[in-house]
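Please work through each task before reading its solution.

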Amino acid sequence: MGTHHSWFFIIVSLLHVSGCVSFTNFAFGDSIVDAGNNNYLPSLSRADYSPYGIDFTPSGGKPTGRYTNGFTIVDIVAQALGAKTLSSPSLSANAASHATLGGINYASGASGILEGTGSLFVGRLPLKTQIDNFELSRAGMVKTMGENGTQEFLKNAIFSLTIGSNDIITAFLPNLPFVGNYDVSPTTLLDIMVSNMTFHLKRLHKLGARKTVVVDIGPLGCIPFVRSIHFLPDGKCHEEMNALIRRYNQKLRTAVHGLNEEMGSGSVFVFANSYDVINGMLQNYRDYGFENVNDPCCGEFFPLSFCLRIGDENEISTNICDDRSKYLFWDSYHPGEAANFIIAQHMLNGDENTCSPLNVRQLHSLKL
């Protein structure tokens with residue numbers, strides 16, 4: 001995998017903006033962006049074992065709790081915009097000391113917008129709890145830099161929310177005790193999700209967030225887990241699920257743009273369209289350098305196999321694909337690092353179809 005790592009450094013150097021102001025990120029979300037918070041929880045949803053992290057260079061290929069083989073989208077964006085260090089998990093001992101360097105990551109695998117989402121996995125941090133934890137972090141900042149200093153610091157930081165996938169997946173699971181699905185109509189579920197997201201975004205704004213990126217939900221009907229439990233062949237996705245997600249994304253976009261009008265010129269909410277980016281990769285995968293967009297690199301497609309713990313180097317070749325960069329999906333749920341780079345590139349530099357009203361690079365440079 002030597003070529004993989006040289007390719008990574010070339011991409012980061014191309015994305016990086018020399019001489020830009022330092023970058024601080026406060027990330028909220030689910031396992032797509034979790035940096036290791038679930039390592040500290042009694043959770044059935046964890047990625048603290050090999051081969052997770054096999055391509056994560058800062059740890060030397062050791063697992064950190066990231067649910068992919070390498071860097072997450074949040075990691076890649078942070079490095080491209082000049083972060084001094086990657087954001088630390090909020091539950092780690094050193095999180096407070098890293099707040100003013102790279103920021104803090106509050107995301108938690110299996111979590112959702114709604115409080116009940118992910119209860120099957122026991123330990124997880126719903127979005128409300130993640131923001132509660134940020135409020136505690138903020139109180140610590142006030143102690144060290146004062147209220148005015150904290151407000152000034154936070155207004156230049158990027159806040160990102162990447163969450164909602166587990167709420168949708170739960171709605172399509174069998175109606176079993178402690179599992180799901182929600183006993184509401186699809187339209188009602190979407191409205192509840194959007195109203196909750198709006199409430200949480202306003203709360204973050206009240207706590208000092210002025211540059212906020214809200215990432216929509218990708219085409220979950222095409223992930224290996226969903227296709228496997230619904231016995232869908234290669235190239236076929238769960239269209240009912242994807243149609244519901246598109247409806248949610250449209251409602252979320254409207255809500256985000258409404259917040260821009262409501263909150264005025266002192267803050268910006270960016271709507272990031274990951275659905276179309278990922279769908280583009282699925283439809284035209286060879287153009288992006290992928291060879292397989294149906295199977296997970298780690299774990300077989302059918303019968304459904306999870307990315308299982310490996311004990312030694314000899315097990316790697318039998319448990320994961322030969323070339324991680326050729327697979328869109330790392331495991332049954334999550335994109336691999338190669339796909340994360342492409343998504344991050346669109347978030348950083350995309351046009352208004354991808355990020356509106358600004359892309360993340362423009363948001364970072366914006367003077368408020």
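**Exercise 1.** Determine whether F134 is buried or exposed, and classify its pairing with F26.

*Solution.* Step 1: F134 has 0% relative accessibility and is therefore buried (under 20% relative accessible area; exposed is over 50% and partly exposed in between, with a 1.4 Å probe and protein chains only). The model is predicted: local features need pLDDT of at least 70 and side-chain atom pairs pLDDT 80 or more, whereas totals for chains, interfaces and linings use all residues. Residues are numbered from 1 along each chain as its sequence is written, and side-chain values use heavy atoms, without hydrogens and water.

Step 1: The structure holds twelve aromatic pairs (Phe, Tyr or six-membered Trp rings with centres within 6.5 Å; stacked under 30 degrees between planes, edge-to-face over 60, tilted for the rest). One of them joins F26 and F134, at 5.5 Å centre to centre and 65° between the planes, and is edge-to-face.

Step 2: Because F26 belongs to strand β1 (residues 25-29) and F134 to helix α4 (residues 127-155), the pair ties together parts 108 residues apart in sequence (DSSP runs numbered from the N terminus: helices are H or I, at least four residues; strands are E, at least two). F26 is also buried, at 0%.

**Exercise 2.** Classify the pair formed by F28 and Y106, and state which parts this pair ties together.

*Solution.* Step 1: The ring centres lie 5.0 Å apart with planes at 10°, so F28 and Y106 are stacked.

Step 1: F28 lies in strand β1 and Y106 in the loop between β3 (103-105) and α4, so parts 78 residues apart in sequence are tied together.

Step 2: F28 is buried at 0% relative accessibility, and Y106 is buried with a relative accessible area of 0%.

**Exercise 3.** Which residues form one aromatic cluster with F26?

*Solution.* The cluster consists of F26, F28, Y106, F134, F153 and F159.
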